[in-house]
Amino acid sequence: SLDNDIYMRIPKGFKIPEIHKSSSRELYSIKLQRSLYGLKQSGRMWYNRLSGYLLKEGYQNNPICPCVFIKKSQSGFAIISVYVDDLNIIGTPEELSKAIEYLKKEFEMKDLGKTKFCLGLQIEHLADGIFVHQSTYTGKILKRFYMDKAHPLNIPMEVRSLDVKKDIFRPRDNNEELLGPEVPYLSAIGALMYLANNTRPDIAFSVNLLARYSSSPTKRHWNGIKHILRYLRGTIDVGLFYSNKSNFDLVGYADSGYLSDPHKARSQTGYLFTCGGTAISWRSVKQTITATSSNHAEILAIHEASRECVWLRSMTQHIRETCGLSSSKNPPTTLYEDNTACIAQIKGGYIKGDRTKHISPKLFYTHDLEENGDSIVQQICLKDNLADLFTKSLPTATFEKLVQNIGMRRLKDLK
């Protein structure tokens with residue numbers, strides 16, 4: 001039921017009582033007694049009903065991950081993850097059966113069995129782990145933009161020059177023609193972003209770079225989009241493989257691309273978190289302020305990585321404790337960084353020196369995490385820093401090595 005009074009115009013086909021038929025339909029409205037699809041409150045009303053029903057049965061919920069409900073009992077545990085009206089249930093066999101039966105008592109629902117397809121993500125259950133990919137979605141994208149028969153490429157973007165005049169992905173020149181509405185640039189960016197955010201971290205930097213020109217794209221930028229699509233054409237079955245034999249410690253990598261955008265003097269932040277050697281969280285984004293040195297850019301990058309680290313640790317700790325899988329605090333998360341000066345400053349905390357007095361103290365949040373035992377910043381060689389994949393376009397050999405190291409595999413190689 002609704003928590004506010006909502007009125008709507010009388011829809012076509014709705015019969016007005018005889019006493020009011022003499023007047024115009026425009027003079028009347030009807031009051032809703034239940035939520036309908038399309039209302040701003042609909043999602044909230046559904047969540048309130050579902051969460052109230054689950055909490056009544058003993059499920060626990062936490063603001064850290066409000067769409068995850070967990071119940072622990074003597075026979076095991078059940079975890080229900082919710083995305084609107086799509087539910088995935090994980091747990092021990094007995095508790096899984098109980099959860100399904102309990103939900104069926106209240107809601108009309110279908111039990112589709114083991115999850116194989118969810119929100120465009122395909123899940124392959126293999127003997128030694130789980131493989132998550134979007135080959136069907138990728139195929140649809142390629143057909144939609146008429147690239148399903150294009151010649152495949154090995155990398156999503158050629159190594160670009162950071163010279164303002166030679167950069168092929170520079171902003172539109174004064175005499176350069178804009179793309180017309182017949183070129184689906186925005187649609188292509190949106191489709192690629194869904195891939196980059198879910199199962200294809202290998203295209204995250206390329207998509208982030210080209211998305212900056214959504215308001216004024218040119219033929220150069222559209223060629224960049226087609227380059228990514230040609231790369232996807234040759235790697236359509238690539239996804240993330242989560243092995244069931246790996247160490248499940250959380251490990252982070254942070255890096256920056258100093259002056260990656262030479263046109264506006266901005267650097268690029270890239271970070272990656274792995275569990276069992278496979279990527280679970282990543283980001284490639286242009287920094288919002290101008291970094292005055294590579295050290296400054298690295299401090300901004302590791303600050304962003306630290307924020308993500310805190311949330312990931314809180315979520316995994318909550319799930320493990322509630323399920324009874326672990327009662328102790330998570331060990332410190334290792335954050336790998338390749339800049340020596342940045343690591344030295346993080347270890348020492350904020351020091352108002354001549355070269356660092358302009359850097360905001362809040363960016364040394366990572367130092368506080370180290371003091372509290374939540375993270376440890378360690379140095380790593382540049383060529384082994386997996387976050388390098390998210391800060392710049394790379395040569396083929398380096399790119400393929402990093403893609404392999406973040407847990408990306410071909411489906412045909414696993415079967």
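Reader: How do the axes of H5 and H6 sit, and at what angle do they cross?
Author: The axes of helix H5 (residues 204–211) and helix H6 (residues 219–234) come within 10 Å of each other and cross at roughly 160°. That makes H5 roughly antiparallel to H6, since angles over 145 degrees count as roughly antiparallel, under 35 as roughly parallel, 65 to 115 as roughly perpendicular and the rest as oblique. Axes here are lines fitted to C-alpha atoms, for helices over the stretch in contact, with angles running from 0 to 180 degrees between N-to-C directions.

Reader: Which residues of H5 and H6 make the contact?
Author: On the H5 side they are Ser-206, Val-207 and Leu-210, and on the H6 side His-221, Gly-224, Ile-225 and Ile-228. Contact means heavy atoms within 4.5 Å.

Reader: Left-handed or right-handed crossing?
Author: H5 passes H6 in a left-handed crossing. The term means that the near helix is turned anticlockwise from the far one by less than a right angle; clockwise would be right-handed.

Reader: Before I go on, what kind of model is this?
Author: This is a predicted model, where local features need pLDDT of at least 70, side-chain atom pairs count only at pLDDT 80 or more, and totals for chains, interfaces and linings use all residues. Residues are numbered from 1 along each chain as its sequence is written, and side-chain values use heavy atoms, with hydrogens and water left out.

Reader: OK, sheets. What's the strand order in the open sheet of four strands?
Author: The order is S3-S4-S5-S6, with antiparallel pairing. Strand S3 (60–62) and strand S6 (86–91) are the edge strands, each pairing on one side only. Two strands pair if DSSP finds at least two bridges between them. Strands (E, at least two residues) and helices (H or I, at least four) are DSSP runs, numbered from the N terminus.

Reader: How many bridges join S5 to S6?
Author: Six bridges join strand S5 (residues 76–83) to S6, and the two run antiparallel. Ser-81 stands opposite Asn-88 in S6.

Reader: And which strands does H1 touch?
Author: Helix H1 (residues 42–56) packs on this sheet and touches S3, strand S4 (65–73) and S5, with its direction at about 15° to that of S4. Helix H2 (residues 93–106) also packs on the sheet, touching S4, S5 and S6, and its direction makes about 150° with that of S6.

Reader: Switching to S9: how many of its residues are buried?
Author: Four of the five residues in strand S9 (residues 129–133) are buried, so the strand is mostly covered. Buried means under 20% relative accessible area, exposed over 50%, and partly exposed in between (1.4 Å probe, protein chains only).

Reader: What does S9 pair with?
Author: Five bridges join strand S8 (residues 121–126) to S9, running antiparallel, and S8 and S9 form a hairpin with two residues between them. Glu-124 stands opposite Phe-131 in S9. S9 also pairs with strand S10 (residues 238–243) in the antiparallel sense over five bridges, where Val-132 has Leu-240 as its bridge partner.

Reader: What about the open sheet of five strands, what's its order?
Author: That one runs S13-S12-S11-S14-S15, with mixed pairing. Its edge strands are strand S13 (278–286) and strand S15 (375–379), and the twist averages 20° from one strand to the next. Strand S14 (residues 333–337) and S15 pair in the parallel sense over five bridges, with Thr-334 opposite Ile-376 in S15.

Reader: Which strands does H7 touch there?
Author: Helix H7 (residues 294–323) touches strand S11 (250–261), strand S12 (266–275), S13, S14 and S15, and its direction makes about 145° with that of S11. Helix H9 (residues 365–372) packs on the sheet too, touching S14 and S15.

Reader: Last topic, rings. How many aromatic pairs are there?
Author: The count comes to nine aromatic pairs. Rings of Phe, Tyr and Trp (its six-membered ring) pair if their centres lie within 6.5 Å; planes under 30 degrees apart are stacked, over 60 edge-to-face and the rest tilted. Tyr-137 and Tyr-194 form an edge-to-face pair, 5.4 Å centre to centre with 65° between the planes.

Reader: Where are Tyr-137 and Tyr-194 in the chain?
Author: Tyr-137 is in helix H3 (residues 135–144) and Tyr-194 in helix H4 (residues 185–198), 57 residues apart. Tyr-137 is partly exposed at 21% relative accessible area, and Tyr-194 is partly exposed at 31%.
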